[in-house]
Each structure stands twice: as structure tokens, then as C-alpha cells.
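Please keep the sequence and the model in view while reading the points below.

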Amino acid sequence: MRLEIIKENGQREVFCGLTSIVWLHRRMPDAFFLVVGSRTCAHLIQSAAGVMIFAEPRFGTAILGERDLAGLADANEELDRVVTDLLVRRPEIRTLFLVGSCPSEVIKLDLAKAAERLSTRLQGQVRVVNYSGSGIETTFTQGEDNALTALVPFLPRNDESQLLLVGTLADGVEERFLTLFERLGISNVASFPPRRSTELPSLGKGTKVLLAQPFLGSTARALQSRGAQLLSSPYPLGVEGSSRWFEAAATAFGIDPAHTASVLDPLVERGRAAVAPHRRELEGKRLFLLPDSQMELPLGRFLHRECGMELVEVGTPYLDRALQQPELDLLPAGLQLSEGQHLEKQLDRVRAAKPDLVVCGMGLANPLEAEGFATKWSIELVFSPIHGCDQAGDLAELFARPLRRRAMLAFN
Amino acid sequence: MELTLWTYEGPPHVGAMRIATSMEGVHYVLHAPQGDTYADLLFTMIERQNKRPPVTYTTFQARDLGGDTAELVKRSISDAVERFQPQALLVGESCTAELIQDQPGSLAQGMGFNLPIVNLELPAYSKKENWGASETFYQLLRTLLKDQALNPGAEKPSPSRWRSEQRKPRVNLLGPSLLGFRCRDDVIEVTKLLSELGVDVHVAAPLGASPADLKRIPEADANICLYPEIAESSCSWLERQLGMVSIKTVPIGIGAIQQFREELAAVLELDQIPAPPDRSRMPWYSQSVDSTYLTGKRVFIFADATHAIAAARIASKELGFQVVGLGSYCREQARAVRAAAQELGIEALISDDYLEVEAAMAAAAPELVLGTQMERHSAKRLGIPCAVISAPIHVQDVPARYAPQMGWEGANVIFDSWVHPLMMGLEEHLIGMFRHDFEFVEGHMSHKGQKAPADKLVAEEAAVPATVSGGCSWTSSGSAELGRIPFFVRGKVKRNTETFAHERGISEITDEVLYEAKAHFTR
């Protein structure tokens, strides 16, 4: 398919990669995320996650001060001191992520080396890993990509045949997937990231990788460089994406297609039935997706093909052609796709097109609602169990709900 | 490097955003990396604003650092001015931009725009949000009003000139802003408080004001510094340069309201202030016998300086608590907090280190914590009831209902919200005493949202007269006995009794069956 892509540069209304901490800390409760940055970084994370009340914080910030910037304090000594203090308070931490930020990267603080040094010092107690979540380098979900990439070198070697599911999944979805793979006849299945940071899956020549999320380009390449084989598939959003995703694994493991069909067909049928009532609400409605998480292509594909929505524009912060090709193949020809963002111009396009539903971030959602647009705030999509045939109805519901709500409310 | 789990204040540019977003007709160009637009959420989600903050971010990325970031700044400035046509422009940097030193403020001033431009110098690595807000408000006022400054030796305008001008006295309310604690309703309540005294509000700023409004500030007879964290430096500049008197008492709590009224009357030379109306229910609520158990409750207070000082006075004098800890994260106002603490015979804790505050809280072993959103974390960890009295706040503290802290109604709100968690605390004590309870078991918090469906069920069951259920019928003696069970456990007792009867094939539930069942389930 030839692609018409609007490539734009201007103000970008997106999160930085630090935001990924908000869900990663729940996925791996024995890990701690220490951002090395400024007060802005600390403020970002607590603004995003601070509505939850924590008895035990699972993330924090080592805030750089003037002494650190002026070189008056040895950054490495300072970091060692901060980490020591932290571990005294939280001795049960098993993995410590040193998360790079814009300030730490602009002043070129070598956190990779610091992580190595601290790992050696704390050997047997805590593993210290480094990744960048800075805004200048990463957008939102790319933070997870970098965090997982940083863990790849620690995955133990094992060349036996296995399936590795990569990308954070909701617990319920993960358990369901394991059951389904078992039913298909694939029993050696592991998840990455694991639920405990110490229980890392193994990796080797027999590992076949199935990405559950589209934003894991660097993780995928790191896994491949250690011998794993990356399976190409659309992402498991909606009935179609999910069944193709399972099929990709089944084919790779040489499962009889008739057996695969016998497992998946009932799921597909049930999933379609669950989507049907939402399809009635979404069909023919015009959708505009603003860039946020790189999930926009699979979401657009699902909403177009399974819910009958018309795609006005699909924006993505970053288009990884290799990882998104199976999605692009399913999207309609002539789709208006945009990569990057010039916020004001994009909002002008939103206003001119008058879509029925706008998928956007929380900085824009209420203002657009006030202008009369129905919106679906996008961050919820990384916090909700939306993967798999069984969740297709729920996924459609997430988009149908704001429309239904607008129709329901009356104040006269 | 400083280990921070929670930060009381954001960076100073968030303070500047608070000023810009609180106002009308002001735009803010912020040189910042991609991702710093998260701050928009504070306004669109926490404050639930229906429009985007008037902020244009340059959102540079790593690839821009190799190129000309100054050019990016200039492009952003001219785009913003052209698109938004502001009456005044703020230009500044976030923490990362401060490191690359593009001097956006000076660049803007050299671009030949015909509008007031304020170059914000906000040192992100040494100052914080409130300082940023205060500095921004001050610089904006100074830019707009410097032409109106009095010549040296000129006579200061008299605060009582309203009399000769044959009009009502009028004052400015300075300090209220978005992301402040309950500023929206405080402005309304203070306006009411002033109207009782026949005083008008001239300009309230920054909240709701435009640059044109700021230019009208000198027309008022006095300034009321409602939130010193934001407006103290502006008030003192207006005092020095324009000879305007500031009223410094913050009217939070009954005693402070009285003092505020007296100070206002003295400054404006009001004839006679009417006797304090019985507007607040708080004094009577506090005097009524139900409040006796509040006497001597040990309370730990930590907040911004204004709310901490006000809370200490209310707690010790108006509610009869014992203040066992008092502190603030506002270093700029540390002196006033220390003085308030000294009056109570304790030492003030001035710190922005959340862990230090938590340690002090643990050491003081209070029965109630009055603090910020952060103290809710520590209080949860230590198992102490807690109420929020100051920013930083989260979305639940920007309520739809009228919820001021200032003025007569503010005192009512304060009474309810501070006593409420204690009632829950009492319930917790009861659970500690009677561990055998079959509903209020260890760890159960009936006031918590997650248990609401169960509570609702109980209420519904209690509302339905106990007649027939599950093949058993209730006799009149059984129903009467059920009616004597306190309502909050009645539904549970009813269900337990019916299960008990059903299992034993009892068809008629009498009072004796109920007691049998009760005994059975407590074993």
C-alpha cells in the first residue's frame, strides 16, 4: 500500500516516557523506579499517579540541584548515597530502575555506568538497570520499550522452543492467553515483563516472540539480537487482530490449521457478537485519532474494520514501519495518516473535519468536549484490559461509551 | 541530589502557568522539551477547566538539540502571538531549557511586538512552584503598573479617600489562583464578608483578571493579601511603589475572620463595623456536647504557610485540639510559621522533604493529621485519620459543591471536613475493641467507597419490612427484635438469621431464633 503520511513538526501534546512508570510499577511490584531528573519529572509522575494513595511509594526522583549542575557534587557519589537511603527504607526491592530524564541526558550523566557500578555493589540483593524515559528521546509508551530493552541482557539463555509474549498485559488477559495457547497446543509460554522482576523469562534460539503491543521496536530488536524469532502479526486488538495474532503463533509452532480454527472459531463468533451492539452505535461515525501511544494504527484498524467507523485521520507519535506493516496492510487505501504533530494545525484539522469522536490525551479532552466534540481519552487504553477476542466487546465499549453518554445526558 | 518520593511543589514554571491560566488575555510561551505538556492536565483534569491553558510549548526533542533551538523558540513565539493575540506575553523556560540557555525572554523582547512582554527568570533547580507563581505575578504587575509608580516624596493615596469621593470603599483581592486550595469559593466567600461591611471588591487577581484589570489595581483603596505565597511580594511592591496599604490577616477560622474585619475597618476607617452576625454554625457545633470527645485530640498540621497557621489557630482555639506538630514546606513564609508554633509551645518543622515530615508525624503520634495530598500517604501508612487543608491537592479537592475555607461558610466546611475522618477513626477503635463483629471485621472501613454496595444492600434490606424470605416467615416478636438491631448491622443480622433458620428447617423466626442465630454466628 502506498502511504500518504502527513509528517509534522511543531508543538507535541504527548507524555514523555517517564509516564510508563505509572503502569510498570504495578506490573512488577518488587521493582522501584528512580528517576534521575528535575522537580518537573517528580511532579509529572506524581500528577499522573498521585491520586492513588501509597503506603509504600514504588517510584521516586533523585532531583538534581544546583550543586550537581555546577559539578560541585560528584554525581556518582550523590547517586550512591540516594540509592543507599532508598534501600534502607525499602529493603524488599529486588530491581531498581535508574530512569534517565531530559535534564540527566542534557548534562550527559552516565546512568548506564552508574547502574553497572551499583549492581556490582549490591550483588545478590538488588539488580540495578538503566533506561531513558526522557521527553527528548521517548514518547509515552516508548518508556516501556526502553525499560524492557534494558532487561533483555538479564534474560537467562535457553534455546528450547518457547513462545514469549512481550508487552504489559492485564493479569486477567495474560491468564486467559496462557489458557488459549495451551488449548492450541503451545504450552511453553512466558510473559515479558514478568509479574516479579526476579522471575525473568529465558531467551534463546528456540524463542518465538509475539508482541502484544506495537510500541516495542527496540525490545523486539534486542530480543532478536539474542537469537529469538519475531513473529509478524497484527496486534491482538479486536477479534480480527487477536485471532490473527494467535494464528501467527500457531503457524509458527506448526499447529494443524484445522485445530487452530476449532479453538479460535468459537472465540471469534462470540467476540463478534459482543462487538455487535457497540458496532450499531459506532457504525458510520467519523473518528479522529491524535498521536499518543503508537496504538493508534491497530485501534483505527479495529474500529474501522470491526465497528464500521470512518477514519478521518490516524495520528501516531512514531511510525515503526517494520512493526506496523501487518496493521498498515489491513487499513483502507488512501488513509490519512500523520506522524509527529503540530498541535495547532492538527486541531484546526479536527475542527474543520468535525469528527464524531476524537481520541486524544487528557490535556485536550475536556477542552474539545467543551467545543462540542465527543472525546475518548487515550491514556485509558494502556490501563485497560483490551487485548484478545474476549475483550473485543469491552474495547468497542470504550469508544461507544462517550457517544452513548453524550446522547444520554440532558439538562433541560 | 535529593531523594524525593513526593514533591510538595512543582517546578517554578508550573507556578507561572498557574498565573497565566488563572488570567484572561495572557499567553505564556514556554521553552520546554516534549512531554512537559503534562502540566496541561493539572488544569484540564484536576481543575477541570474547559479550555486549554494559554501555554505554547516549544517541545524540543533530542534531534532539535543539534540544530537551532533558539530559532524554534522564535518561531513558537511568533506563532503564538499571531494565533492567540494576547494582551500580554510571558516567556520563560522549563528546567531542561534552562540548561541549554537560549534566553527566550530576551529573544521575545527583540522581536518587535507591540505588547507587554515579561521575561521570566525562574531558576528551576533552586526555586519551586509558589515562588514561580509569586515571581510571575509580581513581574507582570510591575511591567503593567510601573508607569503608575509614585514619584519619590509624593503623597500616598489615603485608604479612606472613598469618603471624600463619596463612594463605597473598594479593595483588591490578590493571590487567588488555579491549583490553589479552594480559591474559587474563597473569593466568593470573602466578597460576601466584605459586602457585610459595605466594602466592594474592585479587582480579584490573578484568578479571572485580565492585564487590563491589573492596570485598574491602583484605583482601589487597599489590597487584601489573601494568599501570601502568591501575592505577598506583589502587595509589598504595590505598597512601596504605589503607596497602597495591604491587609494581611487571612480570614480562615472564626477568630481570624474577626481580626480581618477589625484590620479592614481600621485601614479603611469604616464608621462602625456591624456586630459579627451568627453566620457560621461552627462555634455552636464545636461547643455542643457531641464535640466534647474532640477535646485534646492530638493533631499534626503540615501545609502551605497560610493554611498551616490558620489551621493551628482553629485547631487549638476553636476546636479544642492539642496541636502536637506544626510545619510548612514554604520556606519563604517560614518565619510566620515558626512564630505560630512558638505560641503553641512547639517547634515548627520547615521542610520540603516528605520523608522528614513523615518521620515527624510518626514521632508526634497524632490522632489526626491535617495536611496536603502528601500527608494522606503518610497517614495511610501510619494508620492515622487525615484531612486535606492545603495544596498540593488532587482532583477530589476541587469539588463541584461550594467549599470555601475562608469566611463564615469556610468555618462550617472546615468543621465538617476535619471531624469527619475522626468519626471514622472512632469506628476503627470500636473494631479494635470488638473483634468478633461479623460485619465490621478487622480491616473493614465502612466509610470507604469499595464497601458501598454492601452498605447500600443493608440500607435496602433494612427498609423492607421483615416478612417472608427463603421459606421462613418472621413472627411479630422476631420482627420487633430485628427492629432493635442498630440499622447498620440490621441487614446482616436479618440475612444471617434467615440462613440459620433455613439450615435448620425452622419456618417461623421468633426473637429466640434471632438470638440463637446471633450466638451461632459469633462463636
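In chain B, B:Asp213 and B:Arg216 form a salt bridge, with their closest N and O atoms 3.1 Å apart. This comes from a predicted model, and 56 salt bridges are found in it over all chains. B:Arg216 has a relative accessible area of 31%, so it counts as partly exposed.

**Salt bridges**

- Salt bridges with shared partners link A:Glu344, A:Asp348, A:Arg351, A:Glu371, B:Arg52 and B:Arg83 into one network.
- A:Glu78 is paired with A:Arg81 in a salt bridge whose closest N and O atoms are 2.9 Å apart.
- Because A:Glu78 and A:Arg81 are three residues apart in helix 4 (residues 75-89) of chain A, about one helical turn separates them.
- A:Glu78 is buried, since its relative accessible area is 14%, whereas A:Arg81 is partly exposed at 37% relative accessibility.
- A:Arg196 and A:Glu199 form a salt bridge in which the closest N and O atoms are 4.0 Å apart.
- A:Arg196 is partly exposed, because its relative accessibility is 39%.

**Helix 14 of chain A**

- Helix 14 of chain A covers residues 343-353, and its buried residues are A:Leu343, A:Glu344, A:Gln346, A:Leu347, A:Val350 and A:Ala353.
- Within chain A, these buried residues pack against strand 10 (286-289), strand 11 (310-316), strand 12 (336-341), strand 13 (357-360) and helix 15 (362-370).
- The buried residues of helix 14 of chain A also pack against helix 4 (69-84) of chain B.
- After helix 14 of chain A comes A:Lys354, which has a positive phi, near 45 degrees.

**A nonpolar surface patch**

- A nonpolar patch on the surface is formed by A:Met408, A:Leu409 and A:Phe411, which together have about 400 Å² of accessible area.
- A:Met408 lies in helix 17 (residues 392-408) of chain A.
- A:Met408 counts as exposed because its relative accessibility is 61%.

**Cavities**

- Seven cavities of 30 Å³ or more are found in the whole structure, and the largest cavity has a volume of about 360 Å³.
- The largest cavity is lined by 34 residues, of which B:Glu129, B:Leu179, B:Ala391, B:Pro392 and B:Ile393 are the closest to its centre.
- Both chains supply elements that give two or more residues to this lining: helix 2 (39-49) of chain A, and helix 2 (39-46), helix 7 (129-145), helix 11 (228-242), helix 14 (305-318) and helix 17 (373-382) of chain B.

Technical notes:
Residues are numbered from 1 along each chain as its sequence is written. Chains are lettered from A and ligands numbered from 1 in the order in which they are written. This is a predicted model: local features need pLDDT of at least 70, side-chain atom pairs count only at pLDDT 80 or more; totals for chains, interfaces and linings use all residues. Side-chain values use heavy atoms; hydrogens and water are left out. Patches are made of residues with over 30% relative accessible area and no salt bridge: like charges are joined within 9 Å, nonpolar side chains (Val, Leu, Ile, Met, Phe, Trp, Tyr) within 5 Å. Accessible areas come from the Shrake-Rupley method with a 1.4 Å probe; for residues, only the protein chains shown count as cover. A salt bridge is a side-chain nitrogen of Lys or Arg within 4 Å of a carboxyl oxygen of Asp or Glu. Helices (H or I, at least four residues) and strands (E, at least two) are DSSP runs, numbered from the N terminus. Buried means under 20% relative accessible area, exposed over 50%, partly exposed in between (1.4 Å probe, protein chains only). Contact means heavy atoms within 4.5 Å. On a 1 Å grid over the protein atoms alone, a cavity is a set of points where a 1.4 Å probe fits but cannot get out, and a pocket is an open set with protein on both sides within 12 Å along at least five of seven lines; lining residues have an atom within 4 Å of a point. Grid points are joined across faces, edges and corners, and a volume is the space filled by probe spheres set on the points.
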